[in-house]
Amino acid sequence: MTSSMRPMKASEIPAFVDQVIGAGCDICAIGHRGYVLGDLEEMVTAAEDLKRIGEEFGDRDFLLPEIVAYLRSIGRYIEPGSPASHWSENQKTQ
């Protein structure tokens with residue numbers, strides 16, 4: 001991200017996540033410290049949409065803990081070391 005981008009607002013996190021999902025990426029938190037937009041194949045396919053989303057929402061790096069917390073609150077997370085291979089398996093492994 002460039003420093004000339006506007007900062008994303010915490011209130012925009014749900015819309016950001018919805019747009020990333022809508023672009024075909026399976027965004028999820030990894031533990032409590034980070035998140036991924038999706039696997040590499042998804043991100044390559046959605047590159048133009050992800051660029052547009054990044055431009056629309058602006059700099060979000062400083063919101064990392066809030067984005068992770070939101071993803072966890074909606075069940076889109078994987079714990080490192082978990083037997084789950086996809087966030088949708090969380091209920092099966094608990």
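**Exercise 1.** Find what covers the buried residues of helix H1.

*Solution.* Start with the terms: helices (H or I, at least four residues) and strands (E, at least two) are DSSP runs, numbered from the N terminus. Buried means under 20% relative accessible area, exposed over 50%, and partly exposed in between (1.4 Å probe, protein chains only). Contact means heavy atoms within 4.5 Å.

Step 1. In H1 (residues 13-22), the buried residues are Ile13, Phe16, Val17 and Val20. They lie on the same side of H1, because they cover an arc of only 95° around the axis; the arc is that of the directions from the helix axis to the C-beta atoms.

Step 2. An α-helix has 3.6 residues a turn, so residues three or four places apart point the same way.

Step 3. The cover over the buried residues of H1 includes strand S2 (34-36), helix H3 (47-57) and helix H4 (64-73). Asp18 and Gly22, on the other side of H1, are exposed.

The model is predicted: local features need pLDDT of at least 70, side-chain atom pairs count only at pLDDT 80 or more, and totals for chains, interfaces and linings use all residues. Residues are numbered from 1 along each chain as its sequence is written, and side-chain values use heavy atoms, with hydrogens and water left out.

**Exercise 2.** Sort residues of H3 into buried and exposed.

*Solution.* Step 1. Leu50, Ile53, Gly54 and Phe57 are the buried residues of H3. Down the helix axis they fall within an arc of 100°, so they line one face.

Step 2. Exposed on the other side of H3 are Glu48, Lys51 and Glu55.

Step 3. H1 and helix H2 (40-45) are among the elements that cover the buried residues of H3. Just after H3 comes Gly58, with a positive phi of about 80°.

**Exercise 3.** Describe the sheet and state which strands stand at its edges.

*Solution.* Step 1. Three strands form an open, mixed sheet in the order S2-S1-S3. S2 and strand S3 (77-78) are at the edges; each has a single partner strand, so one side of each is left without a neighbour in the sheet.

Step 2. Strand S1 (residues 28-30) and S2 run antiparallel and are joined by three bridges; two strands pair if DSSP finds at least two bridges between them. Ile30 stands opposite Gly34 in S2.

**Exercise 4.** How many disulfides does the whole structure hold?

*Solution.* A disulfide is a pair of cysteine sulfur atoms within 2.5 Å. The search finds zero. For Cys25, the nearest cysteine sulfur, that of Cys28, is 11 Å away.
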